[in-house]
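Please look over the sequence and the model shown here before turning to the report.

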Amino acid sequence: MMRPRRRRQGGFGLVLLFMQLARFGFNHIPPTTLITIGLNIAVYLKVLNGFLYSIIGKPSIQRVCVSAVSVWYRSDWSRLFLAAWFHLDDWHLYYNMVSFLWKGRSLEHRFGSYYFAYLIAAFSVITNIVMVAVNFIAAELLDDDSYILSCAAGFSGVLFALKVVTTHFMPNYRQSIMGIISVPSQWACWVELVLIQILVPRASFTGHLAGILVGLAYTKGPLKRIMDSLAGIVTNFGNFSLIFVSLFLL
């Protein structure tokens with residue numbers, strides 16, 4: 001996640017992203033992963049502006065980025081659902097989607113396309129909720145109101161959550177972080193959290209930390225059980241509705 005600034009003109013990052021996808025092979029990208037990347041690109045290219053206009057007015061980073069002020073004090077809840085899908089520039093989009101491509105392929109094969117879509121949708125909202133809570137706590141502990149005012153957008157919070165889930169299934173694997181350092185997989189997200197903040201000071205530290213906390217809540221806490229229970233309720237309700245409609249038609 002990144003803090004907003006004026007969008008840079010360009011497009012080379014977008015070209016590189018399409019080249020990366022083509023090199024990977026569109027037929028080798030699982031459907032939910034491909035659709036998720038497509039949605040992020042569509043939002044960036046303003047293809048969905050007509051739909052988004054009916055929800056938030058004129059779509060922009062400033063209208064969707066998540067901060068404690070905008071969400072809690074101004075009750076702009078739509079930001080919790082939209083912020084993850086907006087990127088500041090084409091390079092922000094490129095790095096996030098290339099990272100997601102590899103995580104998505106691994107996790108979608110493990111979980112299945114439908115559950116992985118559910119996982120992405122849930123993480124994109126929960127990560128923003130946790131980020132708001134973390135910013136409140138940081139502002140209180142550090143006596144620094146800038147955390148409450150800080151506004152962030154982008155998919156990287158979700159990526160950190162997915163990274164925790166991915167490494168959970170590879171506990172004995174060593175991972176190279178940005179080609180700089182090789183660490184055990186269970187420490188990879190924490191090392192990457194620090195390195196990204198050093199290399200990209202404008203990155204949202206609390207947004208990335210929120211992603212790690214959500215991933216840990218899913219792999220080691222109660223979040224997976226809660227999500228699975230909700231998914232079971234929806235599935236059972238759908239099956240019941242289908243049976244009811246079938247009997248009615250008969």
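The report below moves from the chain as a whole to helix pairs and then to individual residues.

## Basis of the description

This is a predicted model, in which local features need pLDDT of at least 70 and side-chain atom pairs count only at pLDDT 80 or more, whereas totals for chains, interfaces and linings use all residues. Residues are numbered from 1 along each chain as its sequence is written, and side-chain values use heavy atoms, with hydrogens and water left out.

## The chain as a whole

The secondary structure of the chain amounts to 13 helices and two strands, where helices (H or I, at least four residues) and strands (E, at least two) are DSSP runs numbered from the N terminus. Of the 250 residues in the chain, 47% are buried; here buried means under 20% relative accessible area, exposed means over 50%, and partly exposed is in between, with a 1.4 Å probe and protein chains only.

The accessible surface of the chain is about 13,500 Å², and 67% of this belongs to carbon and sulfur atoms; the areas come from the Shrake-Rupley method with a 1.4 Å probe, and for residues only the protein chains shown count as cover. Among the contacts in the chain with a separation of 6 or more, 73% are accounted for by residues 24 or more positions apart, contact meaning heavy atoms within 4.5 Å.

## Helices H1 and H7

Two packed helices are described by the angle between their axes and the distance between the axes. For helix H1 (residues 12–24) and helix H7 (residues 90–111), the axes come within 7 Å and cross at roughly 20°, the axes being lines fitted to C-alpha atoms, for helices over the stretch in contact, with angles that run from 0 to 180 degrees between N-to-C directions. That angle makes H1 roughly parallel to H7, since angles under 35 degrees count as roughly parallel, over 145 as roughly antiparallel, 65 to 115 as roughly perpendicular and the rest as oblique. The crossing of H1 and H7 is right-handed; a crossing has this hand if the near helix is turned clockwise from the far one by less than a right angle, and is left-handed if anticlockwise.

On the H1 side, the contact is made by Phe 12, Gly 13, Leu 14, Leu 16, Leu 17, Gln 20, Leu 21 and Phe 24, and on the H7 side by Asp 90, Trp 91, Leu 93, Tyr 94, Met 97, Val 98, Leu 101, Trp 102 and Arg 105. The residues of this contact between H1 and H7 divide into 13 nonpolar, two polar and two charged, with Ala, Val, Leu, Ile, Met, Phe, Trp, Tyr, Cys and Pro counted as nonpolar, Asp, Glu, Lys and Arg as charged, and the others, Gly among them, as polar.

## Helices H10 and H11

The axes of helix H10 (residues 156–168) and helix H11 (residues 185–199) come within 8 Å and cross at roughly 155°, which makes H10 roughly antiparallel to H11. The crossing of H10 and H11 is right-handed. From H10, Phe 160, Lys 163, Val 164 and Thr 167 make the contact, together with Ser 185, Ala 188, Cys 189, Glu 192, Leu 193 and Ile 196 of H11; the residues of the contact of H10 with H11 comprise six nonpolar, two polar and two charged.

## Strand residue Gln 175

Gln 175 has its place in strand S1 (residues 174–177) and, at 17% relative accessibility, counts as buried. Leaving aside its neighbours within four places in sequence, Gln 175 is in contact with Lys 163, Thr 167, Ile 181, Ser 182, Val 183 and Ala 188. The C-alpha atoms of Gln 175 and Trp 187, which are 12 residues apart along the chain, are separated by 9.0 Å.

Ser 67 is placed in the loop between helix H4 (61–64) and H5, and at 4% relative accessibility Ser 67 counts as buried. Beyond its neighbours within four places in sequence, Ser 67 is in contact with Val 132, Ile 148, Leu 149, Ser 150 and Cys 151, while its C-alpha atom is separated by 9.7 Å from that of Phe 136, 69 residues apart along the chain.

Ile 126, found in helix H8 (residues 113–142), is partly exposed, with a relative accessible area of 24%. Apart from neighbours within four places in sequence, Ile 126 is in contact with Val 214 and Leu 223.

## Loop residues with positive phi

Most residues other than glycine have a negative phi. Lys 46, although not a glycine, has a positive phi of about 65°; Lys 46 lies in the loop between helix H2 (31–44) and helix H3 (49–56) and is exposed, with a relative accessible area of 51%. Ser 75, in the loop between helix H5 (68–73) and helix H6 (78–82), has a positive phi near 55° and is partly exposed, with a relative accessible area of 41%.
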